[in-house]
Amino acid sequence: MKRRTFLSSLAAGAVAAASFSIGSGPATAQQTITLNGASQFNDDHAFTKAMVRFEELVKKYYGKPINFTLHKNSALGLEKQYFEYMAQGKAVDYAIVSPAHMSTFSKAAPFIDAPFIFRDLDHWNKVLDADLLKPIADEINQKAEVMLIGYAGGGTRNIFANKPVKNMAELKGLKVRVQGAPIWSRTFQAAGMAPTVIAYNEVYNAIQNGVIQAGENEAAGVEQMKFYEVGPNLNMTEHAITIRPLCFATKTFNKLPKDLQAAILKAGKEAGAYGRQVESSEDTAKLDAMEKAGKLKRIPFADRAAMKKAVDPVIAAYAKEIGADGILAKINAIK
């Protein structure tokens, strides 16, 4: 089964058409403002649900007429493009983006949800509630001019593959697709795998054609992209818990009225928390449904502790390299 590819000309046309409606000058209360969002996914995905909630909350807190246009199903490309558009202040005003796609602007960005940073969901929630990632968010805003106004995510990532992988020995040499940020390749190499960077929308074909054997994702992504069709073995490495920042273009934000800015910041934080609740609660239910339907099989992974032990020195070295060792120490200190 050949996966769908992007209709690049249509996407380009959509990008050209999508724009922040108030132009280049400061917004006034008399103007109707339209903000453009982007999602790779359909209405059922947790990210889309979080952005819809963001829109609802902004309208509630702003209390004045405002329009939102959310471009779904990758109409404006992929998250990497969304972030670039926001940095340029064009086409996309808000989106949920994987931190890995921010690495061009900030080396520290992918550290937000690097493998084996969080012990479990409880630890993950405590780190976010303590706002320990603020220094990284500040750097991203400074260098990319994109604000992180909330934190969605909450999916536990596992390795889907065309073969079962039960331990470190079977993991050795596994050709697996990873996200583009260097920390993902380094950690997967340290665990004995053979990582390669491939565009998200090409993963299905790459496994189908034997270029790679596996990828890694949370339940929502496995379901949405039908990765179970080519990688029906979900090897339960539980190597990462996602943080997916809800981003807003700083160039757009600076043009908006102060009361709308306040509404966006308040709504962003709450919509992010809502997105975390949705995705973390849906995770197991989605896997249960896919396994019950015979679409995938969960393979217990016996060596998670050994995998973490192999990866920890790489994480520590990377944190020091990007100046995030202090943040890592605070994350590790949270009980």
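Contact here means heavy atoms within 4.5 Å. The model is a predicted one, where local features need pLDDT of at least 70, side-chain atom pairs count only at pLDDT 80 or more, and totals for chains, interfaces and linings use all residues. Residues are numbered from 1 along each chain as its sequence is written, and side-chain values use heavy atoms, with hydrogens and water left out.

The chain holds 13 helices and 9 strands (DSSP runs numbered from the N terminus: H or I of at least four residues for helices, E of at least two for strands). Of its 335 residues, 56% are buried, that is, under 20% relative accessible area with a 1.4 Å probe, protein chains only. The C-alpha trace spans about 65 × 45 × 30 Å along its principal axes.

Two helix pairs are worth a look. Helix H2 (residues 46-62) and helix H11 (residues 258-292) come within 7 Å, axis to axis, and cross at roughly 150 degrees (axes are lines fitted to C-alpha atoms over the stretch in contact, and angles run from 0 to 180 degrees between N-to-C directions). That makes H2 roughly antiparallel to H11, the label for angles over 145 degrees.

Helix H7 (residues 182-190) packs against helix H12 (residues 304-321) at about 155 degrees, with the axes 8 Å apart, so H7 and H12 are roughly antiparallel too. On the H7 side, Ile183, Arg186, Thr187 and Ala190 meet Ala310, Val311, Val314, Ile315, Tyr318 and Glu321 in H12.

Definitions and conventions:
Parallel < 35°, antiparallel > 145°, perpendicular 65-115°, else oblique. Buried < 20%, exposed > 50% of the residue type's maximum accessible area, 1.4 Å probe, protein only.
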